[in-house]
Amino acid sequence: MFSTGKLKSVDFYRKIPRDLTEASLSGAGLSIIAALCMVFLFGMELNNYMTVSTTTSIVVDKSSDGDFLRIDFNLSFPALSCEFASVDVIDVLGTNRLNITKTVRKYSIDSNLRHTGSEFQSGAIVAVKHDEEVDEEYGEGAISLNGRTFDRIVHEYPILVVNFYAPWCYWSNRLKPSWEKAAKIIKERYDPEMDGRILLGKVDCTEEVDLCKRNHIQGYPSIRIFRKGSDLKEDHGHHEHESYYGDRDTESLVKTMEELVAPISLESQRVASDGKSNKLANGTKRPAPATGGCRIEGFVRVKKVPGNLVISAHSGAHSFDGSQMNMSHVISRFSFGKMISSREMSDVKRLLPYLGQNYDKLSGKTYITNPKDSSENVTIEHYIQVVKTEVMTRSYKLVEEYEYTAHSSLVHSFDLPVAKFHVVPSAMQVIIKENAKSFSHFLTNVCAIIGGVFTVAGILDSILHNTMRLMRKVELGKNF
């Protein structure tokens, strides 16, 4: 057993009797300063311990071959009708998906980007049947309309069916014989003077430009069904006309016209009392666009290879005048990957305040062209480079986001103008990891602060005390 005396011999902190110590004003000042320094340095060390630090590394993208990249968008086209607006995806591997509708919604809008109705239903794309080309004379059966006669006749007949066409259009010329034959047959069966329930007309859109614009005609030929009274402005202040998308052979056209006439009483020349229009088979008749604009929103999934997202006017049975097409648009949203919630984004901002600035870079941008200002056939192109970023905490992956750079330009095209988004995914990805901080390291630093400040203050106090003693001896004239 060790004796008490031997045990005291290993005391590192031997005490000086209080009677042998001397308090001084300089020592008190240094003690206060040392205490303040300890508190200040402790606060800085605590703040450093609480602050999240990260490391950033760039590696080759770890995505597998079967992974797809989601593109979310909300685009408004004030001069592109939902009737023909098409979302297409093309890539370097040969993918060519046209008129995507499953994950895309369309809404008619006016020139001020305001909604004018419910969701526009595009309907299924089917091959349109035409009459076989024949050399026999078919004559003129449909009445030619202009801006003045159109407004008068649309109020006279319960049913007015109009073919808006262009003489240069291939599909208009394919329809012309069938339309004239059908018009003659309908005129014979339902004499405009004696019966007066239906009339077939035609409008040359190269001559009656304003009339065609008023009815939002963008593709040729466009067959519109006008009912007496539908010129009254009701819901959202727009007309309730219909477009015909069925077969264009004479037999189908005549059958359609007879189905339109059937509910109308010959005596009253008005729609049956239920007030509801009849439904044609196979979705051949749908409401015509109330306005000439379209808002397109939704998402598409694409392969992680260079490709294009294209918005254009597309139809397998219509022609378009590129000089009249205007692909101006406003981008409300254009982002990649999974939609990030506000809570997730706030967590990301806690780690990296600068992250997320390029997540939706094109949002709020406007791209306007005007065909009247010598800007015909203008394609608007956006060149986008996408970089994948993963943010990792100490225990799990917090978020996976895609940021991108974008450069846009206006290009004069010999083909129909489109809005094109060139997407190039980067072969590299950024990984941001949160650095773990040890609590023991924090305690070690706190002890170092306390011991270091205490030691330095003691040294300064000793130097100050000895200096003052030396000065007093000099003043008393003592030699040493």
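Q: What share of the contacts in the chain with a separation of 6 or more comes from residues 24 or more positions apart?

A: Such residues account for 82% of those contacts. A contact here means heavy atoms within 4.5 Å. Before we go on, please note that this is a predicted model, in which local features need pLDDT of at least 70, side-chain atom pairs count only at pLDDT 80 or more, and totals for chains, interfaces and linings use all residues. Residues are numbered from 1 along each chain as its sequence is written, and side-chain values use heavy atoms, with hydrogens and water left out.

Q: How many helices and strands does the chain have?

A: There are 8 helices and 19 strands. These are DSSP runs numbered from the N terminus, where helices (H or I) have at least four residues and strands (E) at least two.

Q: Why is the pair of phenylalanine 84 and phenylalanine 320 called edge-to-face?

A: Rings of Phe, Tyr and Trp (its six-membered ring) pair if their centres lie within 6.5 Å; planes under 30 degrees apart count as stacked, over 60 as edge-to-face and the rest as tilted. Here the centres are 5.1 Å apart and the planes stand at 80°, so the pair passes the distance limit and counts as edge-to-face. Phenylalanine 84 lies in the loop between E2 and E3, and phenylalanine 320 in the loop between E14 and E15, so the pair ties together parts that are 236 residues apart in sequence.

Q: What makes the pair of phenylalanine 334 and phenylalanine 421 stacked?

A: The ring centres are 4.5 Å apart and the planes meet at 15°, so this pair is stacked. Phenylalanine 334 sits in strand E15 and phenylalanine 421 in strand E19, 87 residues apart. Both phenylalanine 334 and phenylalanine 421 are buried, where buried means under 20% relative accessible area, exposed over 50% and partly exposed in between, with a 1.4 Å probe and protein chains only. For the chain as a whole, 42% of the 480 residues count as buried.

Q: How many aromatic pairs does the chain have by this rule?

A: The count comes to 12. One aromatic cluster is formed by Phe42, Tyr49, Phe439 and Phe442.

Q: How do you know that arginine 70 lies over the face of phenylalanine 299?

A: A charge sits over a ring if NZ of Lys or CZ of Arg is within 6 Å of the ring centre and within 35 degrees of the ring normal. Arginine 70 is placed over the face of phenylalanine 299, at 3.8 Å from the ring centre, so the distance falls inside the limit.

Q: Which residues touch the most other members of the largest nonpolar core?

A: They are Phe73, Phe334 and Phe336, in a core of 39 residues. Such a core is a set of buried Ala, Val, Leu, Ile, Met, Phe, Trp, Tyr and Cys residues joined through side-chain atoms within 4.5 Å. Strand E2 gives the largest share, 5 residues. In soluble globular proteins, nonpolar side chains tend to be buried together.

Q: Why do strand E6 and strand E16 stand at the edges of the open sheet?

A: The order is E6-E5-E13-E2-E15-E16, with antiparallel pairing. Two strands pair if DSSP finds at least two bridges between them. E6 and E16 each have a single partner strand, so one side of each is left without a neighbour in the sheet.

Q: What makes E2 and E15 a pair?

A: They are joined in the antiparallel sense over 6 bridges, so they meet the requirement of at least two. In this pairing, isoleucine 71 stands opposite phenylalanine 336 in E15.
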